[in-house]
Amino acid sequence: MLPTPSTSHVPYERVYEPAEDSFLFLDTLSSGSETAFLQKRFSKQSPTLTSTQSSSPFVVELGTGSGVVLSFLHAHAASILGRQDIITTGVDVNRFACKATVETVRAAEQEQDARALSHGFYLGNILGDLTGFIKLGQVDLLIFNPPYVPTSELPRLPDEEAKITTAYERDSHLLSLSYAGGMDGMETTTRLLQSLPEILNSSRGCAYILLCAQNKPEEVKKQIKSWGSKWAVDTVGGTGKRGGWEKLQILRIWRTQ
Amino acid sequence: MKLLTLNFLTCAVKACKSSSASFPLHPKDCELVSDTIAPNPQLVYNVLPRIDWNALVTTASELGFPTLPATAPTKEELENDEKMMKELHTLLLETSVSEGILVCGNCGHEYRVKEGIANFLLPNHLV
């Protein structure tokens, strides 16, 4: 078992606290089947690869929250991806979450340094909405634990100029952004799925996205299969069947050529 | 955020996507910080093939770093050029932007960097 990064410094009144979904990511990414998949995919030593294809993978997490998932992947890059020369960055719509992630990554790096172990190269966190500002075709590995809870409406994105009356209102608005997913809990995830073909690297691109049962995962998988034979999708992690259905599951979506 | 981040960022405005002027963003009034990082030649070798060298040359020159060669050095060249290796180590791994503005060369939109975090949230009229 790889150690879980410390998040004791995170202000949970305004940043999503690591929960069952976050831990499902840690378990899934460090499972035998996924580390085998990732190590093969991002292998440095293959005679058929060009230097661009064997170069440092670019790893992006959207909606980092506390930063527990990104820090885990960043700190344990050598165990999970089979290489430590990964470039990592995180994105969140919540400034407090961005700051928390910076701290969490720093603490995880110090843990690794203290044990004379390696970690990736962290660029920093960006305040932003999904991937609209990331250069196309660059992301090799994308992680997204989206706001997946079905809600009657989607909270507006933070606008730094907006007048917010109380700190409590601001904090509950920021927290709502971490879970409220609008119709079927899919409004944000659908937007991200639509951008995947242009955002993911054309040879190595791969994404892990968490869904809950109300997101209708089978329909999501069907939709991805309709992209054609150059794409594949599989459920690679889940919380276990309860009453016949999986409460949470993680999809792996990847280019097959 | 590390200076290298600029090699992965473009303007978030949709209409700018098709314009080559939206990459790289241009740093303005930036405060830079340098963290000491132990030499890591392997990381530099493996990062170089995947970055946009021309964009790095532009960014480095706009921030007042020594002029980089017109084409990226190969691994073999770097192994024999300690000075270039040191310059790239400083530029790619050690340098961060802590405060300042990133400007789109196409639409002129300014993205503010505050406490090392760049803000790419667009005002409503640009979404």
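Colleague: What do the buried residues of α2(B) pack against?

Modeller: They pack against α4 (82–94) of chain B, where contact means heavy atoms within 4.5 Å. Helices here are DSSP runs of H or I with at least four residues, strands are runs of E with at least two, and both are numbered from the N terminus. Bear in mind that this is a predicted model, in which local features need pLDDT of at least 70, side-chain atom pairs count only at pLDDT 80 or more, and totals for chains, interfaces and linings use all residues. Residues are numbered from 1 along each chain as its sequence is written, chains are lettered from A and ligands numbered from 1 in the order in which they are written, and side-chain values use heavy atoms, with hydrogens and water left out.

Colleague: Which residues in helix α2 of chain B are buried?

Modeller: In α2 (residues 53–62) of chain B, they are W53(B), A55(B), L56(B), T59(B) and A60(B). The arc they cover around the axis is only 155°, which puts them on the same side of α2(B); the arc is that of the directions from the helix axis to the C-beta atoms.

Colleague: Why is D184(A) called partly exposed?

Modeller: Buried means under 20% relative accessible area, exposed over 50%, and partly exposed in between (1.4 Å probe, protein chains only). D184(A) has 33% relative accessibility, so it counts as partly exposed. This residue sits in the loop between α6 (167–179) and α7 (187–199) of chain A, and its phi is positive, about 55°, although it is not a glycine.

Colleague: And what makes K216(A) partly exposed?

Modeller: Its relative accessible area is 38%, so K216(A) too falls in between those cut-offs. K216(A) has a positive phi of about 55° although it is not a glycine, and you can find it in the loop between β5 (206–212) and α8 (217–225) of chain A.

Colleague: How many helices and strands are there in chain B?

Modeller: Chain B has four helices and four strands, in the order β-α-α-α-α-β-β-β along the sequence.
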